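Work through the following exercises on side-chain contacts, and compare each solution with the coordinates as you read.

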Amino acid sequence: MKEAREELDSTGQSRRRWMVTSAAVVAGSVTACGTSDSDGSANLSCFPGETPPAELPSFDEPRCTDQIASATPAPDAERFAAWNASLRADAAGRESSLVDLDAIDHNLKLVGDTLGSNIALRLVAKSLPSVQLLEYMMLTACTNRVMTFTEGMTRDLLCRFGGDVDILLGRPAAVDAAARTFDTLDEHSPGEVNPTSSVRWLVDTEERMQEYSALGSERGVTLRIAVEIDVGLRRGGARNEDELLAMLDVIDRSASLELTALMGYEGHVPFVPDGANPDREFDSVQRRYADFVSAGRDAYPAMFDAPLVYNSGGSRTYHYYTDQLDTPVNEVAMGSAFSYPRNFSNIPETELRRATFLGTPVLKRTDPAEAPFAPGFLPGLAEDDPAYEVQFIVVGGGFPAEQLHPEGLVHNPVTSSAGSDPDAVANLISNQAEWLGARATELAVGDLIFYHPWEGDGLSWLKRLDVFRGSELIDQWSTFQSGVRLA
C-alpha cells in the first residue's frame, strides 16, 4: 500500500484520489482478519497473511464525504435477488452477515452533506463491527477517528493500525481492562512503543481518574484522558462543575495524565417525554456543554489552551450539527446512520438506505405445512390464508433481527407464541428456525431468507462479514467477537 501511494503521489494525483484508490483496494483485497489459534485464543501476531493496513488519514485530515461518488443503491427487491444468487453460487448452505458498500457510500455522503464543515466525524465501532469495514470507511470519509466500547475492539484496531488510529472510548473501562490492553499490545509488539498510549481513555469519576493516574505512573507513560460530562443523559460522568473540577484537579497534579477530550453524549434528546420538545432539550444540552467547558477553562486555562476534542452527537442527533449551530462540540461520533439498522429507521434523514443484513438459507421445504399434535390444522388455516400453506425450515435462526425478505412469511401459530409473548421462543427447534408461507412464495431449498438487524451490533452474530459491491460478492471480512484471552 505504501508503494501504491508513492506511485500515485509521483503522478501528482490528489490526496482524495489516493484515498479513493486505497479504499477500493481495501474493499477488494483485504483477507479476513481476526483469526484464532487452534485452541481458540486470539492470534496476537496481528493475523499473519492479511494484507498490510492502508495508511490512514491524519487526525487533522479534512472530512471528504462531499467527494464520495455515490449512486442510489438498487431497490431492495433487486438487491436481495442478486445477493441470493451470489451466495447460492459462492457460499451455498451457510448463514450470512452481509454489508452493501454501495449503501455505505450513499449513507456516508448523505450524512456528510448535513454535518457542519467544522464537525469532525468519528466512526462508532459497535455499530460497524468489523476492522476492515472501519478501515474502508475511514479511507472513504478521510478520518482516522474511531469510538470503541470493548477491549476486543480496541485491541484489534491497535493491532492493525498501531498509533495511527485515534481511539476514543465510548464508555469508561475499568483500569484492569486498560492494563490488560497494554499487556496484550506489549505481547504483540515486544520492544516497540505501545500504541495503547494513543487511546483517549474515558474517565467518569474522580476515583477512576486516580486509578488511571496510578496505571500511567506504573507503566511510565502519559495517558490521554477524555472526561465524561453529563449533559442530561444521566448515565454517568461529571454531573456538575464541582465533579468536573475534581477530575481535572487529579489530571493537573498527575505527571502521567493529559486532558485531550470531553465527551458529553446527548442520546436522550430524541426520547423526551410526551409534551416536551426535543429541539429545546438539544439547545439545553449545548448550553450545559458550554458551561462545562467554561468552568474547566476558567479553572485550568493552560489545560484548555491545547486543541481538545469536544465529542457529542450520534445517529439520531447528527442532523442538528450544522454550520448554523452555536456549540463547543467539534466532533460527532456515529455508526448506525451508516449501517441503518431497524431500530434507527426513524432517523430524520429519509433517504438513508439499509446497508447491513443477515441471511440464512432454506434447509427444508414441506408442502403442505403440518404441526405436531395437530394434524390437518395448518392445511385448514391455509384454506382461508395461503400464508399457512408451506413450511420452510432454515439453517440456524434466532437472529437479533426482523425477517425482511421475502415478504409474507409468518410464524407457526402452533409451535410459536411470537408476537403474544416477547419472552417466548419463536421456533420449536431453535437451531432450525421455522417459517410458513404461501405456495406462491418464490423460495426454494437453498434460497436465503433475509433479515434486518435491530442494531448494527447484530452483524457480529456471525464471525465473517460478506462484502458486496452491487451484486458481486467481493470479499469476506471478520467481525468483532467478544471475549479476551487471560494469562
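A disulfide is taken here as a pair of cysteine sulfur atoms within 2.5 Å. The model is predicted, and local features need pLDDT of at least 70, side-chain atom pairs count only at pLDDT 80 or more, while totals for chains, interfaces and linings use all residues. Residues are numbered from 1 along each chain as its sequence is written, and side-chain values use heavy atoms, with hydrogens and water left out.

**Exercise 1.** Locate the disulfide and describe its geometry and setting.

Solution. The structure holds one disulfide, and the bond runs between Cys-64 and Cys-142, with the sulfurs 2.0 Å apart. The link of Cys-64 and Cys-142 is right-handed, with 90 degrees about the S-S bond. Cys-64 lies in the loop between α2 (15–29) and α3 (76–90), whereas Cys-142 lies in the loop between α5 (131–141) and β3 (145–148), 78 residues apart; helices (H or I, at least four residues) and strands (E, at least two) are DSSP runs, numbered from the N terminus.

**Exercise 2.** Are Cys-64 and Cys-142 buried or exposed?

Solution. Buried means under 20% relative accessible area, exposed over 50%, and partly exposed in between (1.4 Å probe, protein chains only). Cys-64 is buried because its relative accessible area is 3%, and Cys-142 is likewise buried, with a value of 3%.

**Exercise 3.** Find the charged groups that sit over aromatic rings (NZ of Lys or CZ of Arg within 6 Å of the ring centre and within 35 degrees of the ring normal).

Solution. Arg-145 places its charged end over the ring of Phe-59, 3.7 Å from the centre. Lys-126 lies over the face of Phe-149, at 5.6 Å from the ring centre.
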